[in-house]
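Take a look at the chain shown here. A short report on its helices follows.

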Amino acid sequence: MLERLELDEVTASVYRCKLANPQDGVQELAQRLGLSADEVRRSLALLSEMALLRGGDTDPEHGRPIDPRLALQLLHARQQAELAAQQQRMEATRAAVVELMAEIADSSPHDSGKSGVRYLEGIDAIRDQIELLSAGTRSEVLCLAPDSSMSEASIEAARPLNLRNVEQGIVMRTIYLDSIRHDNRAWEYANWLEGVGAHVRTRPVLPNRLTIVDRHSALVAVDARNTAAAAALVTSPGLTSLLVTLFEHMWETATPLGPTASAACEPDALTRQQLAVLRLMAEGRTDESIAHSLGVSTRTVGRVITGLLTRLGAKSRFQAGMRAVQSGYLSQPPL
(Lines give C-alpha, C1' and ligand atoms only; values in the text may rest on other atoms or scores of the structure.)
Protein backbone atom coordinates (compact mmCIF):
# COMPACT_ATOMS: atom_id res chain seq x y z
CA MET A 1 0.00 0.00 0.00
CA LEU A 2 2.82 2.39 0.84
CA GLU A 3 4.38 2.10 -2.61
CA ARG A 4 1.16 3.30 -4.20
CA LEU A 5 1.18 6.48 -2.17
CA GLU A 6 4.39 8.51 -2.10
CA LEU A 7 7.23 6.15 -1.25
CA ASP A 8 9.41 4.74 -3.99
CA GLU A 9 10.28 1.05 -3.78
CA VAL A 10 13.69 1.57 -2.13
CA THR A 11 12.36 3.95 0.53
CA ALA A 12 9.41 1.66 1.26
CA SER A 13 11.75 -1.30 1.72
CA VAL A 14 13.94 0.73 4.10
CA TYR A 15 10.84 1.71 6.10
CA ARG A 16 9.70 -1.92 6.40
CA CYS A 17 13.17 -3.10 7.38
CA LYS A 18 13.48 -0.34 9.97
CA LEU A 19 10.10 -1.36 11.40
CA ALA A 20 11.31 -4.94 11.82
CA ASN A 21 14.76 -3.91 13.06
CA PRO A 22 14.40 -0.51 14.79
CA GLN A 23 17.91 -0.62 16.28
CA ASP A 24 19.64 -1.06 12.92
CA GLY A 25 21.80 1.76 11.61
CA VAL A 26 22.73 2.60 8.03
CA GLN A 27 25.26 -0.18 7.59
CA GLU A 28 23.01 -2.89 9.04
CA LEU A 29 20.05 -1.80 6.91
CA ALA A 30 22.22 -1.62 3.79
CA GLN A 31 23.51 -5.15 4.43
CA ARG A 32 20.04 -6.59 5.04
CA LEU A 33 18.58 -4.99 1.92
CA GLY A 34 21.54 -5.25 -0.44
CA LEU A 35 21.62 -1.47 -0.89
CA SER A 36 24.42 1.07 -0.75
CA ALA A 37 24.86 3.16 2.37
CA ASP A 38 24.06 6.31 0.38
CA GLU A 39 20.73 4.83 -0.80
CA VAL A 40 19.79 3.98 2.77
CA ARG A 41 20.76 7.47 4.02
CA ARG A 42 18.67 9.14 1.30
CA SER A 43 15.68 6.95 2.17
CA LEU A 44 16.01 7.61 5.90
CA ALA A 45 16.24 11.35 5.24
CA LEU A 46 13.07 11.20 3.12
CA LEU A 47 11.24 9.17 5.78
CA SER A 48 12.26 11.70 8.42
CA GLU A 49 11.14 14.61 6.22
CA MET A 50 7.76 12.93 5.76
CA ALA A 51 7.49 12.41 9.55
CA LEU A 52 7.51 8.62 9.15
CA LEU A 53 10.58 8.52 11.40
CA ARG A 54 10.35 10.23 14.79
CA GLY A 55 13.20 11.57 16.89
CA GLY A 56 15.67 11.65 14.01
CA ASP A 57 15.59 15.33 13.07
CA THR A 58 19.35 15.78 13.29
CA ASP A 59 20.30 12.19 12.47
CA PRO A 60 17.62 10.13 10.67
CA GLU A 61 19.68 6.96 11.25
CA HIS A 62 18.53 6.99 14.87
CA GLY A 63 14.89 7.84 14.14
CA ARG A 64 12.06 5.56 15.26
CA PRO A 65 9.63 4.40 12.55
CA ILE A 66 6.00 5.20 13.34
CA ASP A 67 3.19 2.65 13.27
CA PRO A 68 2.19 1.73 9.66
CA ARG A 69 -1.44 2.67 10.32
CA LEU A 70 -0.38 6.17 11.34
CA ALA A 71 1.99 6.32 8.37
CA LEU A 72 -0.89 5.53 6.03
CA GLN A 73 -2.99 8.32 7.56
CA LEU A 74 -0.15 10.83 7.18
CA LEU A 75 0.48 9.90 3.57
CA HIS A 76 -3.22 10.07 2.76
CA ALA A 77 -3.48 13.51 4.39
CA ARG A 78 -0.54 14.71 2.28
CA GLN A 79 -2.21 13.38 -0.86
CA GLN A 80 -5.42 15.20 0.01
CA ALA A 81 -3.49 18.45 0.48
CA GLU A 82 -1.76 17.98 -2.88
CA LEU A 83 -5.10 17.21 -4.52
CA ALA A 84 -6.55 20.44 -3.13
CA ALA A 85 -3.54 22.38 -4.44
CA GLN A 86 -3.93 20.76 -7.88
CA GLN A 87 -7.61 21.67 -7.94
CA GLN A 88 -6.74 25.27 -7.11
CA ARG A 89 -4.25 25.37 -9.99
CA MET A 90 -6.83 23.83 -12.32
CA GLU A 91 -9.40 26.43 -11.27
CA ALA A 92 -6.87 29.22 -11.89
CA THR A 93 -6.21 27.88 -15.39
CA ARG A 94 -9.94 27.46 -15.99
CA ALA A 95 -10.55 31.07 -14.91
CA ALA A 96 -7.83 32.30 -17.26
CA VAL A 97 -9.36 30.39 -20.16
CA VAL A 98 -12.84 31.73 -19.32
CA GLU A 99 -11.40 35.25 -19.34
CA LEU A 100 -9.78 34.58 -22.71
CA MET A 101 -12.99 33.20 -24.21
CA ALA A 102 -14.96 36.17 -22.86
CA GLU A 103 -12.50 38.53 -24.50
CA ILE A 104 -12.83 36.59 -27.75
CA ALA A 105 -16.63 36.71 -27.59
CA ASP A 106 -16.65 40.46 -26.91
CA SER A 107 -14.09 41.33 -29.57
CA SER A 108 -14.93 42.89 -32.95
CA PRO A 109 -12.93 44.22 -35.92
CA HIS A 110 -13.28 47.72 -34.41
CA ASP A 111 -11.51 46.97 -31.14
CA SER A 112 -9.13 44.25 -32.32
CA GLY A 113 -6.21 46.66 -32.28
CA LYS A 114 -6.74 47.23 -28.56
CA SER A 115 -7.58 43.70 -27.43
CA GLY A 116 -5.23 41.77 -29.68
CA VAL A 117 -8.12 39.46 -30.59
CA ARG A 118 -9.88 39.39 -33.99
CA TYR A 119 -13.04 37.39 -34.65
CA LEU A 120 -13.23 35.23 -37.80
CA GLU A 121 -16.61 33.85 -38.85
CA GLY A 122 -17.03 30.87 -41.17
CA ILE A 123 -14.73 28.18 -42.50
CA ASP A 124 -13.58 30.25 -45.49
CA ALA A 125 -12.32 33.08 -43.31
CA ILE A 126 -10.61 30.56 -41.03
CA ARG A 127 -8.90 28.79 -43.96
CA ASP A 128 -7.71 32.10 -45.41
CA GLN A 129 -6.18 33.02 -42.05
CA ILE A 130 -4.50 29.62 -41.76
CA GLU A 131 -2.89 30.13 -45.17
CA LEU A 132 -1.69 33.60 -44.19
CA LEU A 133 -0.22 32.31 -40.95
CA SER A 134 1.42 29.38 -42.72
CA ALA A 135 2.99 31.65 -45.34
CA GLY A 136 4.42 33.90 -42.63
CA THR A 137 5.73 31.16 -40.34
CA ARG A 138 9.44 31.49 -39.56
CA SER A 139 10.38 29.00 -36.84
CA GLU A 140 7.62 27.03 -35.09
CA VAL A 141 4.03 25.77 -35.29
CA LEU A 142 2.27 24.29 -32.23
CA CYS A 143 -1.11 22.58 -32.65
CA LEU A 144 -3.83 21.00 -30.55
CA ALA A 145 -5.96 18.87 -32.91
CA PRO A 146 -8.99 17.40 -31.09
CA ASP A 147 -10.18 15.36 -34.07
CA SER A 148 -10.95 11.70 -33.44
CA SER A 149 -11.03 11.09 -37.21
CA MET A 150 -9.86 12.94 -40.32
CA SER A 151 -11.31 13.09 -43.80
CA GLU A 152 -9.19 12.13 -46.78
CA ALA A 153 -9.72 15.61 -48.23
CA SER A 154 -8.46 17.39 -45.11
CA ILE A 155 -5.41 15.15 -44.92
CA GLU A 156 -4.48 15.68 -48.57
CA ALA A 157 -4.91 19.43 -48.18
CA ALA A 158 -2.65 19.49 -45.12
CA ARG A 159 0.17 17.29 -46.44
CA PRO A 160 1.86 19.83 -48.79
CA LEU A 161 1.64 22.64 -46.21
CA ASN A 162 3.17 20.51 -43.48
CA LEU A 163 5.83 19.08 -45.78
CA ARG A 164 6.83 22.57 -46.91
CA ASN A 165 7.11 23.75 -43.32
CA VAL A 166 9.33 20.85 -42.29
CA GLU A 167 11.54 21.23 -45.37
CA GLN A 168 12.03 24.91 -44.47
CA GLY A 169 13.31 23.92 -41.03
CA ILE A 170 10.18 24.94 -39.14
CA VAL A 171 9.64 22.97 -35.93
CA MET A 172 6.18 21.38 -35.89
CA ARG A 173 4.60 19.86 -32.79
CA THR A 174 1.05 18.52 -32.86
CA ILE A 175 -1.03 16.81 -30.17
CA TYR A 176 -3.94 14.60 -31.25
CA LEU A 177 -6.46 12.64 -29.21
CA ASP A 178 -5.48 9.11 -28.17
CA SER A 179 -8.50 7.91 -30.17
CA ILE A 180 -6.67 8.45 -33.49
CA ARG A 181 -4.76 5.28 -32.62
CA HIS A 182 -7.95 3.40 -33.55
CA ASP A 183 -8.57 5.28 -36.81
CA ASN A 184 -6.45 3.85 -39.63
CA ARG A 185 -6.48 7.00 -41.79
CA ALA A 186 -5.64 9.37 -38.93
CA TRP A 187 -3.01 7.00 -37.53
CA GLU A 188 -1.29 6.64 -40.90
CA TYR A 189 -1.23 10.42 -41.34
CA ALA A 190 0.19 11.02 -37.85
CA ASN A 191 2.98 8.54 -38.55
CA TRP A 192 3.61 10.18 -41.93
CA LEU A 193 4.04 13.51 -40.13
CA GLU A 194 6.64 11.97 -37.82
CA GLY A 195 8.31 10.35 -40.81
CA VAL A 196 8.91 13.67 -42.58
CA GLY A 197 10.29 15.32 -39.42
CA ALA A 198 7.37 16.71 -37.45
CA HIS A 199 6.76 15.78 -33.79
CA VAL A 200 3.47 14.16 -32.79
CA ARG A 201 2.01 13.07 -29.45
CA THR A 202 -1.43 12.10 -28.18
CA ARG A 203 -3.54 12.72 -25.06
CA PRO A 204 -6.84 11.31 -23.82
CA VAL A 205 -8.42 14.80 -23.71
CA LEU A 206 -7.80 18.10 -25.49
CA PRO A 207 -9.60 21.35 -24.56
CA ASN A 208 -10.02 22.96 -27.99
CA ARG A 209 -8.56 23.38 -31.48
CA LEU A 210 -5.52 25.63 -31.30
CA THR A 211 -2.69 26.67 -33.64
CA ILE A 212 0.19 28.84 -32.41
CA VAL A 213 2.66 30.32 -34.92
CA ASP A 214 6.09 31.54 -33.85
CA ARG A 215 4.70 32.12 -30.34
CA HIS A 216 3.24 35.48 -31.34
CA SER A 217 -0.02 34.56 -33.14
CA ALA A 218 -2.64 31.96 -32.22
CA LEU A 219 -5.82 30.74 -33.88
CA VAL A 220 -8.40 29.44 -31.39
CA ALA A 221 -11.74 27.81 -32.20
CA VAL A 222 -14.54 29.79 -30.55
CA ASP A 223 -16.80 26.73 -30.22
CA ALA A 224 -15.01 23.52 -29.27
CA ARG A 225 -17.94 21.46 -30.58
CA ASN A 226 -18.10 23.23 -33.96
CA THR A 227 -14.58 24.35 -34.78
CA ALA A 228 -15.51 25.38 -38.34
CA ALA A 229 -18.09 27.95 -37.19
CA ALA A 230 -15.77 30.66 -35.93
CA ALA A 231 -12.28 31.28 -34.64
CA ALA A 232 -10.32 34.04 -32.95
CA LEU A 233 -6.94 35.29 -34.10
CA VAL A 234 -5.00 36.15 -30.92
CA THR A 235 -2.00 38.47 -31.18
CA SER A 236 -2.01 39.88 -27.64
CA PRO A 237 1.38 38.94 -26.09
CA GLY A 238 -0.20 38.15 -22.72
CA LEU A 239 -2.91 35.89 -24.13
CA THR A 240 -0.52 34.21 -26.56
CA SER A 241 1.88 33.48 -23.70
CA LEU A 242 -1.00 31.87 -21.76
CA LEU A 243 -1.84 29.65 -24.74
CA VAL A 244 1.82 28.64 -25.22
CA THR A 245 1.99 27.68 -21.53
CA LEU A 246 -1.17 25.60 -21.94
CA PHE A 247 0.29 23.83 -24.97
CA GLU A 248 3.61 23.08 -23.24
CA HIS A 249 1.78 21.55 -20.26
CA MET A 250 -0.25 19.39 -22.65
CA TRP A 251 2.92 18.36 -24.51
CA GLU A 252 4.75 17.31 -21.35
CA THR A 253 1.89 15.03 -20.32
CA ALA A 254 1.23 13.63 -23.82
CA THR A 255 2.36 10.23 -25.12
CA PRO A 256 4.74 9.87 -28.10
CA LEU A 257 3.55 7.86 -31.08
CA GLY A 258 3.96 4.10 -30.93
CA PRO A 259 2.31 1.72 -28.47
CA THR A 260 0.82 3.64 -25.54
CA ALA A 261 2.81 3.38 -22.36
CA SER A 262 1.60 0.44 -20.37
CA ALA A 263 -0.55 1.45 -17.45
CA ALA A 264 -0.39 -2.03 -16.05
CA CYS A 265 3.01 -1.74 -14.41
CA GLU A 266 1.07 -1.90 -11.13
CA PRO A 267 -1.70 -4.49 -10.80
CA ASP A 268 -4.28 -1.89 -9.75
CA ALA A 269 -3.27 0.92 -12.13
CA LEU A 270 -5.94 2.50 -14.33
CA THR A 271 -5.48 3.09 -18.05
CA ARG A 272 -5.12 6.62 -19.44
CA GLN A 273 -8.66 6.40 -20.83
CA GLN A 274 -10.11 5.24 -17.50
CA LEU A 275 -8.34 8.06 -15.64
CA ALA A 276 -9.61 10.60 -18.18
CA VAL A 277 -13.19 9.36 -17.85
CA LEU A 278 -12.87 9.38 -14.04
CA ARG A 279 -11.72 13.00 -14.03
CA LEU A 280 -14.48 14.13 -16.39
CA MET A 281 -17.05 12.25 -14.28
CA ALA A 282 -15.73 14.12 -11.23
CA GLU A 283 -16.46 17.39 -13.08
CA GLY A 284 -20.09 16.32 -13.43
CA ARG A 285 -19.89 15.84 -17.19
CA THR A 286 -22.55 13.83 -19.06
CA ASP A 287 -21.69 10.73 -21.09
CA GLU A 288 -22.20 12.73 -24.29
CA SER A 289 -19.83 15.48 -23.12
CA ILE A 290 -17.21 12.94 -22.04
CA ALA A 291 -17.48 11.14 -25.39
CA HIS A 292 -16.95 14.42 -27.27
CA SER A 293 -13.88 15.32 -25.19
CA LEU A 294 -12.30 11.89 -25.74
CA GLY A 295 -13.30 11.54 -29.38
CA VAL A 296 -15.12 8.25 -28.75
CA SER A 297 -18.72 7.03 -28.81
CA THR A 298 -21.13 7.32 -25.88
CA ARG A 299 -21.30 3.52 -25.94
CA THR A 300 -17.55 3.37 -25.31
CA VAL A 301 -17.88 5.84 -22.44
CA GLY A 302 -20.69 3.76 -20.90
CA ARG A 303 -18.55 0.63 -21.16
CA VAL A 304 -15.58 2.38 -19.48
CA ILE A 305 -17.78 3.71 -16.68
CA THR A 306 -19.27 0.27 -16.07
CA GLY A 307 -15.74 -1.13 -15.82
CA LEU A 308 -14.75 1.61 -13.38
CA LEU A 309 -17.73 0.93 -11.13
CA THR A 310 -16.77 -2.75 -11.04
CA ARG A 311 -13.08 -1.96 -10.53
CA LEU A 312 -13.80 0.41 -7.63
CA GLY A 313 -16.52 -1.76 -6.10
CA ALA A 314 -19.00 1.10 -6.41
CA LYS A 315 -22.75 1.07 -7.01
CA SER A 316 -23.05 4.66 -8.23
CA ARG A 317 -20.95 7.32 -9.92
CA PHE A 318 -20.84 9.35 -6.73
CA GLN A 319 -19.55 6.37 -4.77
CA ALA A 320 -17.01 5.67 -7.53
CA GLY A 321 -15.75 9.25 -7.23
CA MET A 322 -15.36 8.94 -3.47
CA ARG A 323 -13.47 5.66 -3.76
CA ALA A 324 -11.28 7.08 -6.52
CA VAL A 325 -10.23 9.91 -4.19
CA GLN A 326 -9.62 7.47 -1.33
CA SER A 327 -7.49 5.28 -3.60
CA GLY A 328 -5.43 8.25 -4.78
CA TYR A 329 -6.42 8.01 -8.47
CA LEU A 330 -7.63 11.61 -8.65
CA SER A 331 -4.51 12.94 -6.89
CA GLN A 332 -2.35 12.04 -9.88
CA PRO A 333 -1.38 14.97 -12.15
CA PRO A 334 -4.14 15.79 -14.63
CA LEU A 335 -3.80 14.27 -18.08
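## Helix packing in a predicted model

Helix H10 (residues 272–282) packs against helix H12 (residues 298–312) at an angle of about 90°, and their axes are 10 Å apart. Axes are lines fitted to C-alpha atoms, for helices over the stretch in contact, and angles run from 0 to 180 degrees between N-to-C directions. H10 and H12 are therefore roughly perpendicular to each other (65 to 115 degrees). From H10, Gln273, Gln274, Val277, Leu278 and Met281 meet Thr300, Val304, Ile305, Leu308, Arg311 and Leu312 of H12. Contact means heavy atoms within 4.5 Å. By class, this contact of H10 with H12 has seven nonpolar, three polar and one charged residues. Ala, Val, Leu, Ile, Met, Phe, Trp, Tyr, Cys and Pro count as nonpolar, Asp, Glu, Lys and Arg as charged, and the others, Gly among them, as polar.

This is a predicted model: local features need pLDDT of at least 70, side-chain atom pairs count only at pLDDT 80 or more, and totals for chains, interfaces and linings use all residues. Residues are numbered from 1 along each chain as its sequence is written, and side-chain values use heavy atoms, without hydrogens and water.

The protein chain has 13 helices and 10 strands. Helices (H or I, at least four residues) and strands (E, at least two) are DSSP runs, numbered from the N terminus. Of the 335 residues in the protein chain, 42% are buried. Buried means under 20% relative accessible area, and exposed means over 50% (1.4 Å probe, protein chains only).

| H8 (residues 184–196) | Ala186, Tyr189, Ala190, Leu193 | within 100° | Asn184, Gly195 |

The arc is that of the directions from the helix axis to the C-beta atoms. In H8, the buried residues fall within an arc of 100°, so they line one face of the helix. They pack against helix H7 (152–167), strand E5 (171–177) and strand E6 (199–203). Asn184 and Gly195 sit on the face of H8 turned away from the buried side.

Gly34 follows H2 and has a positive phi, near 70°.

Technical notes: Parallel < 35°, antiparallel > 145°, perpendicular 65-115°, else oblique.
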